[in-house]
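Student: I have a model open and want to work through it piece by piece. Can we start with what the record lists, then turn to the helices?

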Amino acid sequence: MKLLVNIKAYVLRVWHSVFFKYAVVTIAGVLLVGFLDENSLWSHIKNLQRINDLTEEKEKYNADFERDQAQIKELDKNPKAIEKIARERYFMKSDDEDIFVLSDDEREAKPLESSNETIE
């Protein structure tokens, strides 16, 4: 019984202390600003990740732009480049040529089965 009275006295002394009140308010403020606010630490980390992703995407688009600009300059200078692109991308050919397109797609081979024939 004496132990419970000592515990109760200690809890009341902590409860009424000024330090406890400031500690509770400080902890509540840190939790509110750090995790629940729209400008919280969590949102800040997510925004930094988004910035990194967008920066990588921007670098990729800039590289594509530079490659396309170089290709446009080459097309302006060299008329054979137009013919090369027409052959490679659009499978165009001259009158005396045949084009064979080889595909890298992996397709499953279907067995040759017909209703009238049997394989022996």
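Predicted model: local features only at pLDDT ≥ 70, side-chain atom pairs only at ≥ 80, totals over all residues.

Student: How far apart do the end C-alpha atoms of residues 14–36 lie?

Tutor: Look at the make-up of the span before the distance. Residues 14–36 are 91% helix and 0% strand. Their end C-alpha atoms are separated by 28 Å.

Student: Is Ser43 buried or exposed?

Tutor: Ser43 sits in helix α3. Its relative accessibility is 18%. The cut-off for buried is under 20%. Ser43 therefore counts as buried.

Student: Which residue's backbone oxygen lies 3.4 Å from a polar side-chain atom of Ser43?

Tutor: Leave out residues up to four places away in sequence, and Ser43 touches Asp37 and Glu38. One of these also supplies the backbone oxygen at 3.4 Å from the Ser43 side chain. That residue is Glu38.

Student: How are α3 and α4 oriented to each other?

Tutor: Helix α3 spans residues 41–77, and helix α4 spans residues 79–90. Their axes are 5 Å apart, at an angle of about 120°. Roughly perpendicular ends at 115 degrees, and roughly antiparallel needs over 145. The two helices are therefore oblique.

Student: How many nonpolar residues does the contact of α3 with α4 have?

Tutor: From α3 come Gln71, Glu74, Leu75 and Lys77. They meet Pro79, Ala81, Ile82, Ile85 and Arg89 in α4. By class, one residue is polar and three are charged, while the nonpolar ones number five.

Notes:
Residues numbered from 1 in each chain as written. Heavy atoms only, no water. Axes fitted to C-alpha atoms, helices over the stretch in contact; angles between N-to-C directions. Helix = DSSP H or I, 4+ residues; strand = E, 2+ residues; numbered from the N terminus. Parallel < 35°, antiparallel > 145°, perpendicular 65-115°, else oblique. Contact = heavy atoms within 4.5 Å. Nonpolar A, V, L, I, M, F, W, Y, C, P; charged D, E, K, R; others polar. Buried < 20%, exposed > 50% of the residue type's maximum accessible area, 1.4 Å probe, protein only. Polar contact = N/O pair within 3.5 Å; in protein donor to acceptor, adjacent residues only side chain to side chain.
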